[in-house]
Amino acid sequence: MKGGFSGTGPLIRLALRLDRIRLPIWVLVIAASVAGTASSYQKLYPTAAERIRIGDGIAHNPSLLALSGPIFNPAAIGGLTAWKVLTSAVVAAALMSLFTTVRHTRAEEEAGRLELVGAAVVGRYAPLTATLVVAVGANAAIALAVTAALAGTGLPAGGSIAFGLAIAAGGVVFTGVAAVTAQLVESARAATGAAAAVLGGAYLLRAVGDTGPTWLSWLSPIGWSLRLRPYAGDRWWTLALTGALTVVLAATAYALVGRRDLGAGLFAARLGPAAAAPGLRSPLALAWRLHRGMLVGWLVGVIVWGAVLGAAAAGIEGLVTDDSKIVEILARMGGRKGIIDAFLATSLSLAGLAVAGYAVQATLRLRAEEAAQRAEPVLAARVGRIRWAASHLVFATVGAAGLLAAGGAATGLAYGLRVHDVGGEVPRLLGAGLVQLPAALVLAGVATALFGLAPRYAVAGWGALAAFGVLLELGALLRLNHWIMDVSPFTHVPKLPGSAFAITPLVWLVAVAAALTCTGLAAFRRRDVG
């Protein structure tokens, strides 16, 4: 390759080397979630009559349609699986794609490594091209893995291929979105936030369109993936919409790369004040300045999600009370004192898993600051290592608690308004949300221990989160052995509301989190910085 694309091959190999752990985890988790759901439905709903009855209830429940989308062919196991997991799988592939794209473009540029690489025989367009090849290849791997997994469960090959392509199509579109946002702004954090905001908007358009004006769903790339309709007619032509939009986004990204300075964005960053504010004189104040944007974004997302779940809970009872199989599913996933409580307990467990993702992200900011060589100047002043690290861990802990409280309160408010009992439901679900905190802190402890003991592998904290997520989502459905389930801290959290509250498991989880955190801090105190 010559000219602006020189060096693309070596950069592809470098990106694959750097993501040799991350990308396989994404692929395996998405494929396992889809295959596990299909397998569980085969056991729970062996007859078409049972599946059709469930599908009729779903089709008339706006809350469930907003959460997971329409159900096109409930008589088939594949159709029921597509309703349950396709939307979440598309969102997961989109997140993988935008993280990968920003990491190998804007993040490398912001860190100065791309300028160093560009000083060699590397063309202007090579980094972007290599990134697009890797991200699209990762989505192709997801399509192949999902297709093989579904076909392995006995589902039709055509629908299995459509299912895999539907997931990959969503991921490829947001590869293009992230490629554009990486050219618009000067920081990786802002580029990721902008791409994530587009993803959130696409999800909301799809949700509103699936419960109201259908044409709105056709404005969302997520809606296009759902309307490929795996196992329900396989509308292959919808892939043309994805392809056209991806080509437009990629062309836009290439045009912007050729017109801007290295390190700059289309929108210049706002200059800060010449002197720091008096409030930035402590490590804690600096950590707040670094974490506040991320925390606010998570807070908005958790509140919206909690409100949606609370509204959906009021409509779940009519769907499940006449079907013993769904009652059994919800009862196994959480809660024992009513279908509504079981649904709320399951939903809040998933919220706890999501907030654990925030805790891991906030904790790994320690490694990001160290790798970017911003930690060393701070530590060169009169700031101890433990004090500096603790300033970030405060926001991992307090931020997670605040998010869980906000999510529980939003769920309680939305559900309370539907059942005319705000005063009773808000405190009840607030407590049910906060009870997830010890499990989230264990994940933060894992990330802290990795940061201290093996900083190069601190990213494995995300792998632990993914593994626990698979156990939480599929472990009960697949009836895994209890010793496997006990590996996850979320297994030991009381399933509130609906179950008896037990404080002993929470105390043990806090103790484990504290031990992991202390181990990581002690190791960080003794190792070299950087």
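Helices α5 and α9 come out roughly parallel to each other, a label given to angles under 35 degrees, with over 145 counting as roughly antiparallel, 65 to 115 as roughly perpendicular and the rest as oblique. This is a predicted model, so to speak of local features a pLDDT of at least 70 is needed, while side-chain atom pairs count only at pLDDT 80 or more and totals for chains, interfaces and linings use all residues. Residues are numbered from 1 along each chain as its sequence is written, and side-chain values use heavy atoms, with hydrogens and water left out.

Back to the helix pair. Two packed helices are described by the angle between their axes and the distance between the axes. For α5 (residues 77-104) and α9 (residues 157-184), the angle is about 30° and the axes are 7 Å apart. Here the axes are lines fitted to C-alpha atoms, for helices over the stretch in contact, and angles run from 0 to 180 degrees between N-to-C directions. The helices themselves are DSSP runs (H or I, at least four residues; strands are E, at least two), numbered from the N terminus.

On to charges. A salt bridge is taken as a side-chain nitrogen of Lys or Arg within 4 Å of a carboxyl oxygen of Asp or Glu, and by this rule the count comes to 12 salt bridges. One of them links the side chains of Asp210 and Arg206, at 3.0 Å from N to O. These two residues are 4 apart in helix α10, and so are separated by about one helical turn. Both Asp210 and Arg206 are buried, meaning under 20% relative accessible area, where exposed is over 50% and partly exposed is in between (1.4 Å probe, protein chains only).

Helix α17 (residues 365-371) holds both Arg365 and Glu369, 4 residues apart, or about one turn of the helix. Arg365 and Glu369 form a salt bridge, with the closest N and O atoms 3.0 Å apart. Arg365 is buried at a relative accessible area of 10%, and Glu369 counts as buried at 5%. Glu370 and Arg367 also lie in α17, 3 residues apart and again about one turn of the helix. Their salt bridge has its closest N and O atoms 3.2 Å apart, and both Glu370 and Arg367 are buried. Elsewhere, salt bridges that share partners join Asp19, Arg22 and Arg103 into one network.

The surface has a nonpolar patch too. It is formed by Leu204, Val296, Val300, Val304 and Val308, which together have about 400 Å² of accessible area. Patches are made of residues with over 30% relative accessible area and no salt bridge, with like charges joined within 9 Å and nonpolar side chains (Val, Leu, Ile, Met, Phe, Trp, Tyr) within 5 Å. The areas come from the Shrake-Rupley method with a 1.4 Å probe; for residues, only the protein chains shown count as cover. Helix α13 (residues 283-313) supplies the largest share of the patch, 4 residues. Leu204 lies in helix α10 (residues 188-211) and is partly exposed, with a relative accessible area of 48%.

Helix α19 (residues 385-419) is where Arg387 is found, partly exposed at 46% relative accessibility. From C-alpha to C-alpha, Arg387 and Arg53 are 59 Å apart in space and 334 residues apart in sequence. For Gly399 and Ala48, the figures are 46 Å in space and 351 residues in sequence.

Most residues other than glycine have a negative phi, and most peptide bonds are trans. The peptide bond from Leu496 to Pro497, however, is cis, with omega near -5°. Pro497 sits in the loop between α23 (482-485) and α24 (503-526). Arg229 has a positive phi, near 55°, and is found in the loop between α11 (221-226) and α12. Phi is also positive at His420, near 60°. His420 is placed in the loop between α19 and α20 (422-434) and is exposed, with a relative accessible area of 74%.
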